[in-house]
Amino acid sequence: MKPDEKLVYMANQIAKFFAAQGEERAAHGVADHLQKYWDPDMRRDFLAAAAKDSSGLHAALNAALPLLQAANKP
């Protein structure tokens, strides 16, 4: 598995966990988790991979992307 694929896989697992909380809470939960527990380089690489192809992202993760992008602007 390529590094980008691994990051997407891990982020999707997190999104699946939060999905039961409803779309809005799940999006905030995913974004908060990635912001708190992922290394800045991991977040940067994940956001770059998601920008290239977001077709494989869980719906909660897709909803969290704008929150993550806003929190990780240079």
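Visitor: Which residues are exposed on the other side of helix 1?

Guide: Keeping in mind that this is a predicted model, the residues exposed on that other side of helix 1 are Lys16 and Phe17.

Visitor: Which residues of helix 1 are buried, and how do you know that they lie on the same side of helix 1?

Guide: The buried residues of helix 1 are Leu7, Val8, Ala11, Asn12, Ile14, Ala15 and Phe18. They cover an arc of only 160 degrees around the axis, and therefore they are placed on the same side of helix 1. What covers these buried residues includes helix 2, helix 3 and helix 4.

Visitor: Why is Asn12 called buried?

Guide: Asn12 has a relative accessibility of 11%, and the word buried applies under 20%, so Asn12 counts as buried. Asn12 is found in helix 1, and, not counting residues up to four places away in sequence, Asn12 touches Gly56, Leu57, His58 and Leu61.

Visitor: What makes Val30 buried?

Guide: The relative accessibility of Val30 is 0%, and therefore Val30 counts as buried, given that the limit is under 20%. Val30 is found in helix 2, which runs over residues 23-37. If neighbours within four places in sequence are left aside, the contacts of Val30 are Ile14, Ala15, Phe18, Ala60, Leu61 and Ala64.

Visitor: Which other residues are buried in helix 2, and what do the buried residues pack against?

Guide: Besides Val30, the buried residues of helix 2 are Ala26, Ala27, Gly29, Ala31 and Leu34. The buried residues of helix 2 pack against helix 1, helix 3 and helix 4.

Visitor: Why is Lys73 called exposed?

Guide: Its relative accessible area is 63%, while the word exposed is used for values over 50%, so Lys73 is exposed. Lys73 has its place in the segment after helix 4.

Visitor: How do you know that the span of helix 3 agrees with what its 13 residues should give?

Guide: At 1.5 Å a residue, the 13 residues of helix 3, residues 40-52, should span 18 Å, and the end C-alpha atoms are 19 Å apart, so the two values agree. For helix 1, the 16 residues should span 22 Å at that 1.5 Å a residue, and its end C-alpha atoms are 23 Å apart, which agrees.

Visitor: Which residues of helix 3 are buried, and which are exposed on its other side?

Guide: Arg43, Phe46, Leu47, Ala49 and Ala50 are the buried ones. Because they cover an arc of only 160 degrees around the axis, they are put on the same side of helix 3. On the other side of helix 3, the exposed residues are Pro40, Arg44, Ala51 and Lys52. The buried residues of helix 3 pack against helix 1, helix 2 and helix 4.

Visitor: What makes Asp39 a cap of helix 3?

Guide: A side-chain oxygen of Asp39 lies 2.8 Å from the backbone nitrogen of Asp41, which can be set against the limit for a polar contact, within 3.5 Å. Asp39 caps the N-terminal end of helix 3.

Visitor: Which residues line the largest pocket, and which helix gives the most to the lining?

Guide: The lining is made of Asp4, Glu5, Val8, Ala49, Lys52, Asp53 and Gly56. Helix 1 and helix 3 are the elements that give two or more residues to this lining, and helix 1 gives the most, with 3 residues. The volume of the largest pocket is about 150 Å³.

Notes. Residues numbered from 1 in each chain as written. Predicted model: local features only at pLDDT ≥ 70, side-chain atom pairs only at ≥ 80, totals over all residues. Heavy atoms only, no water. Helix = DSSP H or I, 4+ residues; strand = E, 2+ residues; numbered from the N terminus. Buried < 20%, exposed > 50% of the residue type's maximum accessible area, 1.4 Å probe, protein only. Contact = heavy atoms within 4.5 Å. Expected span 1.5 Å × (residues − 1). Arc of directions from axis to C-beta. Polar contact = N/O pair within 3.5 Å; in protein donor to acceptor, adjacent residues only side chain to side chain. 1 Å grid on protein atoms, 1.4 Å probe; cavity = no way out; pocket = protein on both sides within 12 Å on 5 of 7 lines; lining within 4 Å. Points joined across faces, edges and corners; volume = space filled by probe spheres on them.
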